[in-house]
Amino acid sequence: MNSNDVLNIFREITKIPRESGHEEKMTAFLQDFAARHGLACKTDTTGNVLITKEASPGKEHVPTLVLQGHQDMVCEKNAGCPHDFAKDPIPYVIEDGWMIAKDTTLGADDGIGVAACLALLESDLPTGKLECLFTISEETGMDGAMALEPGFFTGKTLINLDSEDEGQLFVGCAGGVNTMVTFNYDREPVKPGSQIVRLHVFGAMGGHSGDDINKERCNAVQQMARFLFHEWGAYQLILFKGGGKHNAIAREAEAVVAIPAECQDAFLEHFSQFGKALSAEFAVSDPGVTVEEKRFFTNEKAIDTDTAFRLISSLVAVHHGVLAMSQDIQGLVETSSNLASVRMIDPGRIEICTSQRSSVESAKHFMADKIEACFRLAGAQVRRSDPYPGWKPDMKSHILQVSVESYKRLFGVEPEVKAIHAGLECGLFLEKFPGLDMISFGPTLRGVHAPGEKLDLASNEKFVKHLVDVVTHFE
């Protein structure tokens with residue numbers, strides 16, 4: 001088994017539609033793979049799949065090892081990109097040692113982890129018994145891991161293959177919760193003689209709301225609200241929308257406004273100046289961020305003034321970004337919140353999605369309380385998703401020791417042992433399988449959860465060598 005074996009399987013996976021909540025074809029692919037290779041396979045009522053490979057001759061004494069990845073992917077694309085995630089293969093190129101999807105997400109999170117599991121299952125490597133677990137809907141709420149029934153797998157040691165920095169071994173992660181907000185609104189007539197204009201903030205980097213939240217990237221939703229708050233009184237708000245997935249930083253936002261004749265010139269000049277300010281403020285983190293305005297035609301009435309003001313004010317006031325850094329692990333984000341998206345839903349509803357993360361359970365709930373308080377003060381309705389737990393590091397872990405020694409033996413250097421601010425399913429596994437010994441590692445990915453996501457091919461080669469060495473030396 002080598003990195004080409006893994007990449008060949010991943011190329012097949014890029015052809016399979018597998019947006020979170022729509023993993024049926026991926027599940028069928030896994031079931032067919034098991035059947036073709038004569039491997040035991042079971043699927044629970046949720047859609048989680050477990051494929052088992054019995055121990056090689058002479059390896060029957062080795063404890064069972066569980067390898068795990070998730071079936072789904074985040075489906076994001078650039079504005080104007082015609083790609084249909086429900087049927088089209090992911091387009092990608094190989095450039096300068098990277099596998100890149102330029103206008104969409106690539107799905108290497110976690111397609112490359114799934115591919116590595118399948119390559120192990122079809123290899124003739126001498127290993128103990130392997131149980132490969134493929135969960136569903138990790139990206140939208142860890143639904144598969146939450147629904148996993150105790151006893152679905154038997155191993156006491158698990159390797160999660162959903163990390164994004166080669167040379168780093170992860171032994172802990174943040175827990176999280178989503179806070180959902182609803183504003184109800186009425187419509188009011190647009191003032192006669194007003195000019196209708198569509199405002200657009202776009203070209204921001206976006207990124208993963210866990211891994212990238214400390215990079216201080218432009219949140220297009222909050223920046224659009226910032227401009228509209230500053231210009232309050234000079235327009236009527238007809239539409240506001242932006243962002244996408246709950247675990248992605250908002251890259252784009254748009255607003256449709258009605259501008260009275262006496263305010264038009266000043267308003268549009270202010271928007272142009274705002275775009276220049278954004279470009280200057282985010283020149284390093286988001287060099288492509290820009291603004292655009294176009295005349296627009298609509299028969300829609302405006303959002304009532306009171307609701308529009310409360311909406312815009314709360315979007316400016318609500319916390320987005322890092323709240324606290326860890327006091328135990330240098331450089332680790334402890335607690336954060338992501339202002340993910342705003343959508344207008346007829347009749348008369350505006351829905352806002354935010355997500356909170358923390359490696360400290362009490363701080364996670366406090367962060368969610370802060371978000372809820374902000375929106376409740378603005379008169380909105382607020383509800384929370386089921387929270388998922390974090391994963392507390394165990395520095396005495398046996399699989400950690402095996403993985404560290406393997407990395408040093410292969411590459412002559414110590415790997416970094418870290419916790420991650422992103423959410424992994426490991427915390428949920430630990431709840432259902434107390435005492436489970438776990439570690440997480442993977443190849444280097446960049447731009448995860450945003451168009452332009454890419455896989456470092458050299459890092460994938462090292463990742464595969466490391467995985468093979470760990471699995472074959474595990475006792």
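Where is the place of Glu372? Glu372 sits in helix α8, which covers residues 361–377. Keep in mind that this is a predicted model.

I will stay with Glu372 for a moment. Leaving aside neighbours within four places in sequence, Glu372 is in contact with Val382 and Arg384. With Arg384 there is a polar contact between the side chains, at 2.9 Å. The pair also counts as a salt bridge, with 2.9 Å from N to O. Arg384 belongs to strand β19, residues 381–384, and Glu372 to helix α8, so this pair ties together parts that are 12 residues apart in sequence. Arg384 is partly exposed, at 31% relative accessibility.

Now the other salt bridges. In general, side chains of opposite charge can pair when their charged atoms come close. How many salt bridges does the count come to? The count is 27.

One of them joins Glu12 and Lys15, with 3.2 Å from N to O. Glu12 is partly exposed, with a relative accessible area of 39%. Lys15 is partly exposed as well, at 47%.

Another salt bridge is formed by Glu76 and Lys245, whose closest N and O atoms are 3.9 Å apart. Glu76 is in the loop between β3 (65–70) and β4 (93–95), and Lys245 is in the loop between β12 (236–243) and β13 (253–259), so the pair ties together parts that are 169 residues apart in sequence. Is Glu76 buried or exposed? Glu76 counts as buried because its relative accessibility is 12%, and the cut-off for buried is under 20%. Lys245 is partly exposed, with a relative accessible area of 23%. Both residues belong to a network of salt bridges that links Glu19, Glu76, Lys245, Arg251 and Glu252.

Next, the nonpolar part. The largest nonpolar core has 58 residues. Those touching the most other members are Leu30, Ile51, Leu67, Leu118, Phe134, Ile159 and Leu467. Helix α3, residues 108–122, supplies the largest share of this core, 10 residues.

Take Ile51 as an example. Which residues does Ile51 touch, not counting residues up to four places away in sequence? Among them are Leu30, Phe33, Leu118, Leu121 and Phe134. The list also includes Glu131 and Cys132.

There is also a second, separate core, made of 49 residues. Its members include Leu228, Phe240, Ile312 and Val318.

Key
Residues numbered from 1 in each chain as written. Predicted model: local features only at pLDDT ≥ 70, side-chain atom pairs only at ≥ 80, totals over all residues. Heavy atoms only, no water. Core = buried A, V, L, I, M, F, W, Y, C linked by side-chain atoms within 4.5 Å. Buried < 20%, exposed > 50% of the residue type's maximum accessible area, 1.4 Å probe, protein only. Helix = DSSP H or I, 4+ residues; strand = E, 2+ residues; numbered from the N terminus. Contact = heavy atoms within 4.5 Å. Polar contact = N/O pair within 3.5 Å; in protein donor to acceptor, adjacent residues only side chain to side chain. Salt bridge = Lys/Arg side-chain N within 4 Å of Asp/Glu carboxyl O.
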